[in-house]
Amino acid sequence: AEMVDGPVPFKTGVAYTLILFSIFGMHGLQRIYLGQYKTGIFMFCTFGWFGLITLIDIFRLPSLLRKANTQASHVPELTNYINKKMQDFSETLTTAMFAFLPLHWIFIVIVVAFFSGAWALAIGAVLFAYPQVLWERRSQKPIKIWTSFTDSKMIPGALFDYFPLRLHRSNEIPPNKYIFGYHPHGIYSLGLFCACFPKASGWSEKFPGIRCVMGVANSLLCIPILCTIFGWMGFINVGRESMQMASKSGYSIIMVPGGIAEMILGSDQQEEFVYLKKRSGFVRFAIQEGMSLVPMFGFGENDAFIRYSFFQDARLWLSRKFRITLQLFRGRWFTLIPFNVPINVVVGNPIEVHQQDDPSDDEVRCVLEKYIAELKRIHLAHRDEFPSLHGSSKQLKIL
């Protein structure tokens, strides 16, 4: 096997990801990762000494990591190689959670319905999903972010290292309430996780005092269990009622104005497509609430998956009609796991607005044009610094 040049630092996120395997009876992987093979094998064979050592490790891992990193320059080459492989495995495992994001399982059961004898069960699952996904919610729950999780650097750290996913800013932004617009949509809008996990991404250091919630499609918040998890992470319905609640609670809001259209259109090898010219609703809301607009661009977002473009117009029409995403794509190893390509999220400068309860169409259009101009500036300034997967700088096309 090919060895790794130089010591590989041990990472907190990787260690805590490996300790999660104890839930499935695989104890001691974190010790093997840190080069403590005897202890690791002992824990594996004794179920973490019936869970006691594993429980202690949850609290001792920070000190164990510091000790391991202090001795990193003296570890054997084989240990360094195993460290790197377990680190890659942990980051891939963490990112595999994307395979369980909602809506994709609907297509799986449809396939089962047509190509297997379990068609009755599959159709029943679709009928169950229909009201859960497509019906509108009548009320909004209070925003309850699980800050102990979102402010953690443990598991999210492995997610950010997988791509890697990095956050950049154009200038300092004073603490205030803002409407951030993220472009392009991509498949999963991975750049949103920069604000979802502010300490792991560096958001809290680059933008102190700006706490965000993520405005997403209502369908993501109508699926049992997942809606609760998304709520803990700061996801809210992108509807007016919930965004006003977030604004009154002192939160900034990040949304993806391009929506389904931008998700399906994506990009090609020469151009990045951003669907924005007809998206004035978020601008009108920002003016009514007196919240400045800040564009964001995720370089590499569209490279995380491979899209299939056949029947694109038909799928776009059906997606708008039924409010579900009919995007065909694949990721790493022909799965729903994204490719580990660099994603660099650049945050632009604020577009100031003057609060008005009923802005005219011309006023909204004027602010939207300023927003588009700033988005173009971000792309032009950084496209050579962060080239696409194909090694070239793409042009930005606003639709």
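User: Leaving out residues up to four places away in sequence, which residues does Thr150 touch?
Analyst: Keep in mind that we're looking at a predicted model. Thr150 is found in helix α9, residues 147-150. Skipping residues up to four places away in sequence, its contacts are Ile145, Cys196, Phe197, Pro198, Arg211, Trp232 and Met233.

User: Does Thr150 count as buried or exposed?
Analyst: The cut-off for buried is under 20% relative accessible area. Thr150 comes in at 1% relative accessibility, so the label is buried.

User: Arg211 is on that contact list. Which residue does Arg211 form a salt bridge with?
Analyst: As background, side chains of opposite charge can pair when their charged atoms come close. For Arg211, the closest N and O atoms of the pair are 3.0 Å apart.

User: What about Arg377 and Glu374, which helix are they in?
Analyst: Their side chains meet in a salt bridge, 2.8 Å from N to O. Arg377 is partly exposed at 34%, whereas Glu374 is buried at 9%. The two are three residues apart, so about one helical turn separates them, and the helix is α19 (residues 361-382).

User: How many salt bridges does the structure hold?
Analyst: Among them is Arg169 with Glu172, where the closest N and O atoms are 3.9 Å apart. Arg169 is partly exposed at 36%, and Glu172 is exposed at 65%. For the structure, the count is eight.

User: On to the strands: in β5, which residue is the bridge partner of Ile179?
Analyst: Strand β2 (residues 178-183) pairs with β5 in the parallel sense, over three bridges. In β5, the partner of Ile179 is Ile253.

User: And in β5, which residue is the bridge partner of Cys212?
Analyst: Strand β3 (residues 212-216) also pairs with β5 in the parallel sense, here over four bridges. For Cys212, the partner in β5 is Ser252.

User: Which residues of β5 point the other way from Ser252 and Ile254?
Analyst: In a regular strand the side chains alternate between the two faces of the sheet. In β5 (residues 252-255), Ser252 and Ile254 point one way, and all four residues named for this strand are buried. Pointing the other way are Ile253 and Met255.

Technical notes
Residues numbered from 1 in each chain as written. Predicted model: local features only at pLDDT ≥ 70, side-chain atom pairs only at ≥ 80, totals over all residues. Heavy atoms only, no water. Buried < 20%, exposed > 50% of the residue type's maximum accessible area, 1.4 Å probe, protein only. Pairing = 2+ DSSP bridges. Contact = heavy atoms within 4.5 Å. Salt bridge = Lys/Arg side-chain N within 4 Å of Asp/Glu carboxyl O.
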